[in-house]
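Have the structure open beside you as you read.

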Amino acid sequence: MMRPGAQQYVVARPLYSEESFAEEHEKVYRQRKTMLDHFVQYFRCDRKRAKNAALSLLPIIGWIKIYKLKEWLFSDIVSGISTGLVAVLQGLAYCLLASLPPWYGLFSAFFPVVIYFFLGTSRHISVGPFPVLCLMIGSVVTRIVPDEGPPLNITGFEGLTSDEQRVLVASSVTFLVGIMQLAMGILQVGFVVMYLSDTLVSGFTTAAAIHILVSQLKFVLGLQVPGLSGPFSLIYTLEIIFNKITSTNVCDVVISLVILVVVFIVKEINERFKSKLPVPIPIEVIMTVIACGVSYAFDFKKRYGIEVVGYIPKGYESPMAPNLPIFQETAVEAFPMAIVGFAVAFSVAKVYSVKHDYTIDGNQELIAFGVSNIFGASFKSFAASTALSRSAVQESTGGKTQVAGLISALIVMIVTLAIGFLLEPLPKSVLGAVVIVNLKSMLMQVREIPYLWRRDKPDCVVWLATCVAAVLLGLDLGLAAGLGVELLSVVLRVQFPRCSVLANIKGTDVYKDRKDFINIYEPDGVMIFRIPSPLFFANIEFFRSKLLEALGFNPLRVLRKRNKALRRIRRLLKKGCLQWTSEGFLNTSFGPIADSKEEENIKELDLPTDFKDLPARINWNAELPANIVVPRVDIHSLVLDFAAVSFLDISALKGLKTVLKELIRIEVMVYIVACDRTYEIHTKLHDCCFFDDEVQSSMFFLTLHDAMLHILEKHPEATERKADFGKSNIKVYVTPQPQTRF
């Protein structure tokens, strides 16, 4: 029943196979470019391309020309000052995650920002330390230069203190990360970040938040806990903390709890009233200033034994070359750092680019972060990305461009050169509390698990596997394990797709899974089978098994049974035990006909059925003489819907051709639909000599409905259905120029 007022459309056109459509409609010839053509084009240079390359490598040229001085400058200044204050605090706090002296975090909040100002394409992200990346660096640092015991035997460590060795390790790893990011940007492989799905990144960052939380407990509790790295380091760290829990510094705990509660409450106020507040309340900065003042006034370090930031040298240190032996030790760990740092920054940049309607370039972002890390590492900073909270401050306070980022770098520079000494009495427990309270958004990602489980169980498995692996094995191995599970889930989805048998929705040219609808039409002897994935070496056998399951018989077994029956019929005719009459075969033997025990030739049984020397073709679905039994085949036409098959490999072509031959040899006509000639599949079929005397190109039809109408023309008896189906809803009108109306 049609809905009242529903729109209708009527189509009157010839019934098209692929061949007839190609004959009637001339195609435009498009010359395909070879690999050499792409290579030559990539390295060709002219004036226009050189100009575009310059604009691409220096995005500042593009946006600085449209900079609205009167409208944007004040907003950028306010945003830069707010972001700079947060960057100072986060630089000190996140540096603890990297197991480095706190003031090196100020270097990481300055040098990469300056380089990104010129090379970056995002106008809103705040470049600098990122807690997950800092923790990954810290695991490398503590592995090479442990808290307890001698460092690894690295050339260049001679004469350096433990802190200097750690700084050398961190800067060298950062330099290597920058080289990797720069190389990926130059090679235009920014697409690699697509392999890190949102689900995987969510599970990974949640695990990283757990690692960060545990790593900060020693500062919050005032305990001396050595930094550990490697598999199960989190469990070992918790064991040490619980063993030393009786040595907790009560003053550190009180300070941390006060900071946690106050900062959390004010952050919630900022979030709830962000539309009414002109600028978010910089509560971390306020509490830091208060904590510094109270700590200095009551001399917390001497009176209560609290660990403080301590001496912060003024100015910047001289540049330093990276250590090549450290490259060899950390190459495997540097690569996931390069990917994670870029993936997080690109994800945040993409959110703001969509919000503010401008474009970002993934490859240029790789180049920007690569150069930023290389330059920063030369001045003893560690790997930079972007912190979500800091970027949110820069954007929410009115930042329009990276001028705000440059001003935030100037604020960090002022602290480094002039007033850094004011932060010396700051308790490290305050920094630990600030780090923990900023983990809220990452830890709350666990709420995605119920949603994923209800909506997409494979994605939920990826989330859980990544999170658990990263928690237990460490962030680097956990990321690799999560990526492996994610790729495995993709392979399994493609290797074991949900195949279905389709049916016509009555009165339409629409075909849907017959299990999902009631008012459907299925002609006798016709089956429509759909596989919703590419066909390749890993799933061709699955495709075959699902197809045979849907058909209800094995065509090869049927073919062999028929050929064996033909052998026996010929033999009985030769012996005179059978005789052909107008009514069929007549058994002329008075006794039972015994089965032959003659040895069979399997290869001959697989050949097409040959009716020569027989008086007529045999109806295999009728009763056969001499107690011969052959499996019944009720299907005369099979339609394969290839609309979702995007490619086939050689193994799939061979397997598909074998299946088609087996079906054709038992008189089941096969039609393949929605396999457009303009795509790779049909071209590959011709190039690989897919077609022969049995498998012909005439089996290809333009649409599923075209194939069905063609079948009903050839088999009009298929439209005679039981009374509950009524008359056929597909009508074929044959005129001097055949037309189809529906």
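Phe-264 is partly exposed, because its relative accessible area is 38%. This phenylalanine is found in helix α12. As the model is a predicted one, take this and everything below as computed from a prediction.

A nonpolar surface patch of about 810 Å² is made by Val-261, Phe-264, Ile-265, Ile-269, Phe-273, Ile-281, Ile-286, Ile-290, Val-294 and Phe-298. Which elements give two or more residues to the nonpolar patch? They are α12 (250-272) and α13 (283-298).

**The chain as a whole**

Stepping back, the secondary structure of the chain comes to 29 helices and 14 strands. The radius of gyration is 36 Å, whereas a compact globule of 742 residues would have one near 27 Å. Along the principal axes, the C-alpha trace spans about 120 × 60 × 55 Å. Of the 742 residues, 49% are buried. If you take the contacts with a separation of 6 or more, 80% of them are between residues 24 or more positions apart.

**Salt bridges**

How many salt bridges does the structure hold? The count is 21.

| Salt bridge | Closest N and O atoms |
|---|---|
| Asp-456 with Arg-493 | 3.2 Å |
| Arg-544 with Glu-662 | 3.1 Å |
| Asp-634 with Arg-632 | 2.7 Å |

Start with the salt bridge between Asp-456 and Arg-493. Asp-456 sits in the loop between α21 (448-455) and α22 (457-473), and Arg-493 belongs to helix α23 (residues 475-495), so this pair ties together parts that are 37 residues apart in sequence. Asp-456 counts as partly exposed because its relative accessibility is 23%. Arg-493 is partly exposed as well, with a relative accessible area of 38%.

Next comes the salt bridge of Arg-544 with Glu-662. It links distant parts of the chain: Arg-544 is in helix α24 (residues 540-551) and Glu-662 in helix α27 (residues 650-665), 118 residues apart. Are these two buried or exposed? Both Arg-544 and Glu-662 are buried.

The last pair in the table is Asp-634 with Arg-632. Here Asp-634 counts as partly exposed, since its relative accessibility is 49%. Arg-632, at 52% relative accessibility, counts as exposed, because the cut-off for exposed is over 50%.

Salt bridges also join up into a network, one that links Lys-657, Lys-661, Arg-665, Asp-692 and Glu-694.

Cys-292 is in none, as the nearest cysteine sulfur, that of Cys-251, is 14 Å away, while a disulfide needs the sulfur atoms within 2.5 Å. Cys-292 counts as buried because its relative accessibility is 7%. Cys-688 is in no disulfide either, and the nearest cysteine sulfur, belonging to Cys-689, is 7.5 Å away. Cys-688 is partly exposed, with a relative accessible area of 34%.

Then there's Cys-675, whose place is in the loop between β11 (669-673) and α28 (680-687). With a relative accessible area of 2%, Cys-675 is buried. What does Cys-675 touch, leaving out residues up to four places away in sequence? Its contacts are Glu-18, Phe-642, Ile-681, His-682 and Phe-700. The C-alpha atoms of Cys-675 and Phe-701 are separated by 7.8 Å, and the two residues are 26 apart along the chain.

**Helix α29**

Why is helix α29 described as largely enclosed by the rest of the structure? Helix α29 spans residues 704-714, and eight of its 11 residues are buried, so the rest of the structure largely encloses it. The buried residues of α29 are Leu-704, His-705, Asp-706, Ala-707, Met-708, Leu-709, Ile-711 and Leu-712.

Technical notes
Residues numbered from 1 in each chain as written. Predicted model: local features only at pLDDT ≥ 70, side-chain atom pairs only at ≥ 80, totals over all residues. Heavy atoms only, no water. Buried < 20%, exposed > 50% of the residue type's maximum accessible area, 1.4 Å probe, protein only. Helix = DSSP H or I, 4+ residues; strand = E, 2+ residues; numbered from the N terminus. Salt bridge = Lys/Arg side-chain N within 4 Å of Asp/Glu carboxyl O. Rg over C-alpha atoms; globule rule 2.2 N^0.38 Å. Contact = heavy atoms within 4.5 Å. Patch = residues over 30% accessible without salt bridge, like charges linked within 9 Å, V, L, I, M, F, W, Y side chains within 5 Å. Areas by Shrake-Rupley, 256 points an atom, 1.4 Å probe, with all protein chains shown as cover.
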